[in-house]
Amino acid sequence: RDLEAIDRKEAEALAARLREVLNQHAYRYYVLDNPLIPDADYDLLMQALRKLEARFPELVTPDSPTQRVGGPPLGRFEKVRHPEPLLSLNNAFGEEDVRVWYERCCRMLAERLGQPVQPAVTAELKIDGLAMALTYENGVLTVGATRGDGIEGENVTQNVRTIPAIPLRIPVDPAVGPPPTRLEVRGEVYMRKRDFERLNEQLQARGERPFANPRNAAAGSVRQLNPQVTALRPLSFFAYGIGPVEGAEVPDSQYEVLQWLGRLGFPVNEHARRFEHLDDVLEYCRYWTEHRDELDYEIDGVVLKIDHRPWQALLGAISNAPRWAVAYKFPAREAITRLLDIMVSV
Ligand code: NAD
């Protein structure tokens, strides 16, 4: 059905149904780490709901999946309140969406700065894993928290401590100076493809249920009640940003923040680039659409961020996502199931 054509009454019923279906899938994905449908199908349902809500804004409810981040923290772990919310990212499906996003940023910045600007963009691979907020106090890892619903996450510190790529202590480097008194590092816990395959073979050999994909394997392993089990799982980590920082000079460029994190001892993905021109950003998106399979970890897109952090602050956020960043999603590889098929299969 053409979503542009349906009337208000039909839209209301369809939106309610989409919310129900999306909430069920979100629960399976975020809380149980056990999705029933491919991400591309989920995204399609989400796009349909967004379209309806855009046409009939009065249909937006506070519990709509379009307004929320992730899923509620699982009761098994202690809850952690994030000092600053961990947001989701708006998606760009295709180059036109990226252009629209960039032009809107330019327009808003021009308004707020009183002069036209052409902001540089940092482009990073979108690692398909689990978001993690790591708190360091005087250089020592004190809390590892999942994103949860963005406001509250799960305290998985014991599990995070078993991940070799995550520094337990920021090494004191005379060239860098003492570590910040307080630092929140944000990044993605993930599993390499070959580690995932080996893990699944082991699970199957023991008669246990294999994981659907590396992302679920990473999330399921981090959200294990027994840290000894997590310790046996081959998990990795990439840092991609920061939350609140005290007692340190933080660079005012996202690209330089990545380098700063690298100097502090965090693993940072080597493929991040900063571009002055949108055409080069789009070329980067195209390149990784073609070459993603050459990586030994899964990526589900490219994250584009306005590089200058003071301008990020000027752009701010909408309910559940920053305006200064966007996730360019790769086109789905599998034939996309029709909207109704997906809904019927629930
Ligand atoms: P998202 O995962 O698409 O984007 C936000 C996340 O990107 C951040 O939390 C962060 O963890 C991650 N990220 C990776 N690399 C990053 C980088 N370099 N910089 C910044 N962030 C980076 O957003 P979301 O709202 O959590 O989830 C939506 C995703 O979950 C979609 O892909 C959707 O298909 C999938 N999903 C699937 C199902 C299902 O049933 N299959 C259900 C719910 C959600």
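Author: Helices α1 and α2 pack with their axes 10 Å apart, at an angle of about 145°, where axes are lines fitted to C-alpha atoms (for helices over the stretch in contact) and angles run from 0 to 180 degrees between N-to-C directions. Helices (H or I, at least four residues) and strands (E, at least two) are DSSP runs, numbered from the N terminus. This is a predicted model, in which local features need pLDDT of at least 70 and side-chain atom pairs count only at pLDDT 80 or more, while totals for chains, interfaces and linings use all residues. Residues are numbered from 1 along each chain as its sequence is written.

The crossing of α1 past α2 is left-handed; that word applies if the near helix is turned anticlockwise from the far one by less than a right angle, and right-handed applies if clockwise. On the α1 side the contact includes Leu14, Leu18, Leu22 and His25, and on the α2 side it includes Tyr42, Leu45, Leu49 and Arg55, two residues being in contact if their C-beta atoms, placed from the backbone, lie within 7 Å. By class, this contact of α1 with α2 has 12 nonpolar residues, one polar and three charged, with Ala, Val, Leu, Ile, Met, Phe, Trp, Tyr, Cys and Pro counted as nonpolar, Asp, Glu, Lys and Arg as charged, and the others, Gly among them, as polar.

His25 returns at the ligand, where it is listed with Tyr29, Asp39, Ser88 and Ala131 as coming nearest among the 22 residues around the ligand; a residue is near a molecule or strand if its C-beta atom, placed from the backbone, lies within 6 Å of it. Two or more residues of this shell come from each of α1 (8-31), α2 (39-55), β3 and β10, and α1 gives the largest share, four residues. The shell divides into 11 nonpolar, three polar and eight charged residues.

The domain assignment gives domain 1 (8-68) and domain 2 (91-329), with bounds that come from an automatic or database domain assignment. Because both domains give residues to the shell, the ligand lies between them. The C-alpha centres of the two domains lie 25 Å apart, and seven residues of domain 1 are in contact with 11 residues of domain 2. The side of domain 1 that touches domain 2 has one nonpolar, two polar and four charged residues.

β3 and β10 belong to an open sheet of five strands with mixed pairing, in the order β2-β11-β10-β3-β9, where two strands pair if DSSP finds at least two bridges between them. At the edges stand β2 (91-92) and β9 (273-275), each with a single partner strand, so one side of each is left without a neighbour in the sheet. β2 runs parallel to β11 (residues 325-329) and is joined to it by two bridges, with Ala92 opposite Tyr328 in β11.

Helix α9 (residues 278-291) lies across β3 (121-127), β9, β10 (299-306) and β11, and runs at about 165° to β10. The axes of α9 and α3 (residues 95-113) come within 11 Å and cross at roughly 145°, in a right-handed crossing. There Glu95, Val98, Arg99 and Tyr102 of α3 meet Leu278, Val281, Leu282 and Cys285 of α9, a contact of six nonpolar, no polar and two charged residues.

A further open sheet, of four strands with antiparallel pairing, has the order β5-β4-β7-β8. Its edge strands are β5 (140-146) and β8 (236-246), each pairing on one side only, and its neighbouring strands are turned by 25° against each other on average, direction ignored. Six bridges hold the antiparallel pair of β4 (residues 130-137) and β5, in which Met132 stands opposite Thr146 of β5. Helix α6 (residues 214-222) packs on this sheet, touching β4, β5 and β7 (182-190), and its direction makes about 130° with that of β7.
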